[in-house]
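Please work through the following exercises with the sequence and the model at hand. Each task is followed by a worked solution.

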Amino acid sequence: MAQLSDRVQTFTDSVIRRMTRISNQYGAINLSQGFPDFDPPRELTDALARAAHDGPHQYSITFGAKNFRDALAAKAEKSMGRAIDPETEIVVTCGSTEAMMCAMMTICNPGDRVLVFSPFYENYGADAILSGADPVYIPLVPPDYHFDPELLEAGFREGAKALILCNPSNPCGKVFTREELTLIGELARKYDAFVVTDEVYEHIVFDPYEHICMASLPGMFERTITCNSLSKTYSVTGWRLGYMIGPADVIEAARKVHDFLTVGAAAPLQEAAAVGLAFPDSYYEGLKQLYTEKRGRFLAGLDRVGLKHNVPQGSYFVMVDIQEFLDLPAFSGMSDLEFCEWMIREIGVAAVPGSSFFREPVNNLIRFHFARGAETLDEAVRRLEKLKSYT
Ligand SMILES: Cc1ncc(COP(=O)(O)O)c(C=O)c1O
């Protein structure tokens, strides 16, 4: 029998998306895979209806439709503090998922070391394996998810092609400070490495924290590949629209990788989504308010139930500590994955086991997201109250 490649033996399917499937099977409230259960802005769906009738319906330019890239450049220059050339510095991709993979395939040779903060969004492990890179993990230490600058410098010193930075971070909700970003940038310059950033939660940041684009720091545009997406900002995770922004020589190479991977993102969706990119600042302020309310509501619910959790600075995820349950005889020896499966069946709420994000042997954290309507969040909390009866 012909054999499959070695590379597919080295990673599993996504635990996050597996939890969604199990959640659906048991009809649980799915707070595992992070996506909103509410509609995108009406302007986008109206524009999509127009595109359905008027087109375009054929391939767009492989690296992105011109009007979409123009709109992206105009939006991105605000956060990047410089003009972005839509002709040479942008590739439109199928979500940030493709952007990250494309970035890794563009810069990594087999065996190149890539620094990854742990906990990390699980795609980065597979991105590294598929691009042949060797991930080197730098711990972000709970509960405040700080990193040790000396460990980070040691990672760069031992030879790193790039560092992957998820800011704001999924799963831990960390928003990197200007000081932290400056330090990372200095090390990247000192040791001549790229920084690949995943900034899909750039607009979901809670006061007083502020998202700072790595590429906006002095001397960093030249070595930063910014990956981003419309998925979270406009509540269109199914539209699969993302992009990379970076220096022209990197983007020229990335466009080749992207072209042969996917040819391009869906043309009618680019047409429709361009409307959102032109929204005024008030839209992003509204989005922040919306998620600030959701965070407040869900975290207050967790407090009522008596579950220990961190307070995310950004993104729509919260990590909950389940150690007190694992210490009980009824749960003795359970892994966090088994606890999450049990919780889906018995409590009716789905979360993601923290071990799928940590390189370190962490078994006591699970991740919930709160991108759900108020009633759903309230019902999830009501169900979680049942946990009390086990303590
Ligand atoms: C950090 C992070 N990056 C990327 C993605 C996927 O983004 P996209 O839908 O643009 O592929 C997600 C989705 O949950 C995410 O949390």
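The exercises below treat the domains, the ligand shell, the nonpolar core and one cysteine.

The model is predicted: local features require pLDDT of at least 70, side-chain atom pairs count only at pLDDT 80 or more, and totals for chains, interfaces and linings use all residues. Residues are numbered from 1 along each chain as its sequence is written.

**Exercise 1.** Determine how the chain is divided into domains and describe the side of domain 1 that touches domain 2.

*Solution.* Begin with the bounds, which come from an automatic or database domain assignment. Domain 1 comprises 7–40 + 282–390, and domain 2 comprises 55–280. Their centres, taken over C-alpha atoms, are separated by 25 Å. Next, count the contact (C-beta atoms, placed from the backbone, within 7 Å): 35 residues come from domain 1 and 33 residues from domain 2. Then assign elements, where helices (H or I, at least four residues) and strands (E, at least two) are DSSP runs numbered from the N terminus. On the domain 1 side, α1 (15–26), α10 (281–305) and β10 (317–321) each supply at least two residues. Of these, α10 gives the most, with eight residues. Finally, classify the residues: Ala, Val, Leu, Ile, Met, Phe, Trp, Tyr, Cys and Pro count as nonpolar, Asp, Glu, Lys and Arg as charged, and the others, Gly among them, as polar. This side holds 18 nonpolar, 10 polar and seven charged residues.

**Exercise 2.** Which residues around the ligand are the closest, and which helix gives the most to the shell?

*Solution.* The ligand is surrounded by 13 residues, of which G95, S96, T97, S229 and S231 are the closest. Helix α4 (residues 95–107) gives the most, with three residues. By class, the shell has three nonpolar, nine polar and one charged.

**Exercise 3.** Locate the largest nonpolar core.

*Solution.* Such a core is a set of buried Ala, Val, Leu, Ile, Met, Phe, Trp, Tyr and Cys residues joined through C-beta atoms within 7 Å. It has 116 residues, and A103, M244 and A273 touch the most other members. Helix α4 gives the most to this core, with eight residues. Both domain 1 and domain 2 give residues to the core, so it lies between them.

**Exercise 4.** Is C213 buried or exposed?

*Solution.* Buried requires 20 or more other C-beta atoms within 10 Å, exposed 12 or fewer, and partly exposed lies in between, with C-beta atoms placed from the backbone. C213 has 22 C-beta neighbours inside 10 Å and therefore counts as buried. C213 is placed in the loop between β6 (194–198) and β7 (224–229). Apart from neighbours within four places in sequence, C213 contacts S79, M80, E199 and T226.

Key: Two residues are in contact if their C-beta atoms, placed from the backbone, lie within 7 Å. A residue is near a molecule or strand if its C-beta atom, placed from the backbone, lies within 6 Å of it.
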